[in-house]
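Visitor: I would like to go through the labels attached to this model and hear what each one rests on.
Guide: Ask about any of them.

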Amino acid sequence: MGPRPSEFEIIDRYFSWALPSKWHTQGIGDDCALVDIGATRVAVTTDTTAIGTHYLPDADPLTVGYKALAVNLSDLAAAGAAPRAFFLALSLPSSNAEWLDAFSRGLHEAATQFSCPLLGGDTTKTVMVNGEAAAATITITAIGEVCRGLTRGGAQAGDDVWVSGTPGDAYAALMLRTGTWQGLCDSYLASRMDKPTPRVALGQFLEPIASAAADISDGLIQDLGHILSRSGLGAEINAGAIAVSESLAKFPQEKRLKAQLAGGDDYELIFTAPKSVRNDIEAFARQAGLVLSRIGQTKKEMGLTLTDADGRIIHETWSGFDHFKSDN
Ligand code: ADP
Ligand code: MG
């Protein structure tokens with residue numbers, strides 16, 4: 001058997017094709033592709049939710065439906081886009097009315113909450129192959145509208161680095177539910193894992209003033225790393241400045257830091273912005289009732305310096321999520 005490329009090697013090696021120069025788009029490597037159609041710029045993203053990988057097999061189908069759309073809306077938020085429509089490709093091993101009823105209600109709830117109608121899709125049956133269980137996958141493509149659009153590139157040296165919400169909560173819920181951490185998964189942590197809030201209004205607010213943005217699907221450090229590498233910069237980050245929820249604060253520092261810095265599935269926004277808009281960002285946070293933490297700044301020299309609340313350097317190098325990492 002040949003070597004097994006990681007998730008990002010697969011994308012880089014096999015699918016990062018050169019674009020014809022007439023195609024004015026930010027292509028692969030951002031949360032959304034930005035495509036100019038006439039005078040309109042649209043942001044397009046597609047994300048798959050798979051049983052076993054993205055949700056536990058016994059997950060409530062209502063939350064599976066909600067989250068399947070929420071994670072796509074989160075990519076639109078990272079591009080600063082206003083959601084306009086989505087398409088749903090459903091591949092299921094069997095047709096189960098009870099499951100479908102709850103799934104569709106969850107999906108509809110997110111679609112209504114974020115004004116993003118379902119315009120089409122595809123429905124197929126998956127079958128068992130070589131005795132392996134048939135997969136269930138939900139693939140959504142979402143389309144939004146932007147003026148300029150935010151990407152992971154564009155950060156300037158000396159920009160502030162910000163993060164929304166309290167990252168780490170969804171990871172803590174997963175650790176507790178799978179028994180990796182001891183303790184009870186409280187209803188707050190459970191809701192952060194099951195029904196993440198795409199930061200759609202924040203994204204649209206940031207679109208004209210931020211320099212770069214990404215959503216945190218694979219861990220704060222890894223997703224910040226995408227911003228830094230695409231912007232050709234380094235950063236100094238104070239992990240002690242990241243807002244922490246009451247529920248996560250109950251866990252020992254080491255667990256908490258790992259959840260905040262490397263835990264995926266939060267769908268918060270990490271973004272950079274010039275110092276000149278600090279007050280505007282703080283005013284938005286107050287008015288929206290959303291915690292926005294200023295956690296550091298970008299620098300010309302490459303590399304990431306991480307410190308804790310006491311200013312001590314954190315040497316731990318957690319890696320974020322990669323779908324094919326364990327195959328290596
Ligand atoms: P996100 O987590 O924001 O959805 P990913 O980390 O999944 O983004 O993907 C990184 C980039 O690679 C994105 O721009 C995505 O569109 C692109 N990408 C992922 N898989 C493929 C593929 N099979 N073919 C082409 N582009 C891909
Ligand atoms: Mg993303």
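**Labels and their grounds**

Guide: In this predicted model, the magnesium ion (ligand 2) is coordinated at 2.0 to 2.1 Å by Asp31 (OD), Asp75 (OD) and Asp215 (OD).

Visitor: What makes Asp31 (OD), Asp75 (OD) and Asp215 (OD) donors of the magnesium ion?
Guide: An O atom counts as a donor within 2.8 Å of this metal. The three aspartates coordinate at 2.0 to 2.1 Å, so they meet that cut-off. Water is not among the atoms, so the site may look incomplete.

Visitor: How are the donor residues spaced in sequence?
Guide: The spacing is D-x43-D-x139-D. Asp31 is in the loop between S1 and S2, while Asp215 belongs to strand S8 (residues 212-215), so this pair ties together parts 184 residues apart in sequence.

Visitor: Why is Asp31 called buried?
Guide: Its relative accessible area is 9%, and buried means under 20%, so Asp31 qualifies. Asp215, at 1% relative accessibility, counts as buried too.

Visitor: Why is the pair of Trp99 and Phe103 called stacked?
Guide: The search of the whole structure finds six aromatic pairs. In the pair of Trp99 and Phe103, the ring centres are 4.9 Å apart and the planes meet at 10°. Pairing needs centres within 6.5 Å and stacking needs planes under 30 degrees apart, so the label holds. Both residues lie in helix H3 (residues 97-113), four residues apart, which means about one helical turn separates them. Trp99 and Phe103 are buried.

Visitor: What makes the pair of Tyr171 and Trp181 edge-to-face?
Guide: Here the centres are 6.1 Å apart, within the 6.5 Å limit, and the planes are at 75°, over 60, so the pair is edge-to-face. Tyr171 sits in helix H4 (residues 169-177) and Trp181 in the loop between H4 and helix H5 (187-194), ten residues apart. Tyr171 and Trp181 are both buried. Ring pairs join Tyr171, Trp181 and Phe251 in a cluster.

Visitor: Why are strand S1 (25-26) and strand S5 (118-125) called edge strands?
Guide: The open sheet has six strands in the order S1-S2-S3-S6-S4-S5, with mixed pairing. Strands S1 and S5 each pair on one side only.

Visitor: How do you know that strand S2 (residues 33-37) and strand S3 (residues 40-50) pair?
Guide: Five bridges join S2 and S3 in the antiparallel sense. Pairing requires at least two bridges, so S2 and S3 meet the criterion. Val35 stands opposite Val42 in S3.

Terms used:
Residues numbered from 1 in each chain as written. Chains lettered and ligands numbered in written order. Predicted model: local features only at pLDDT ≥ 70, side-chain atom pairs only at ≥ 80, totals over all residues. Heavy atoms only, no water. Buried < 20%, exposed > 50% of the residue type's maximum accessible area, 1.4 Å probe, protein only. Donors = N, O, S within 2.8 Å, 3.2 Å for Na, K, Ca; no water.
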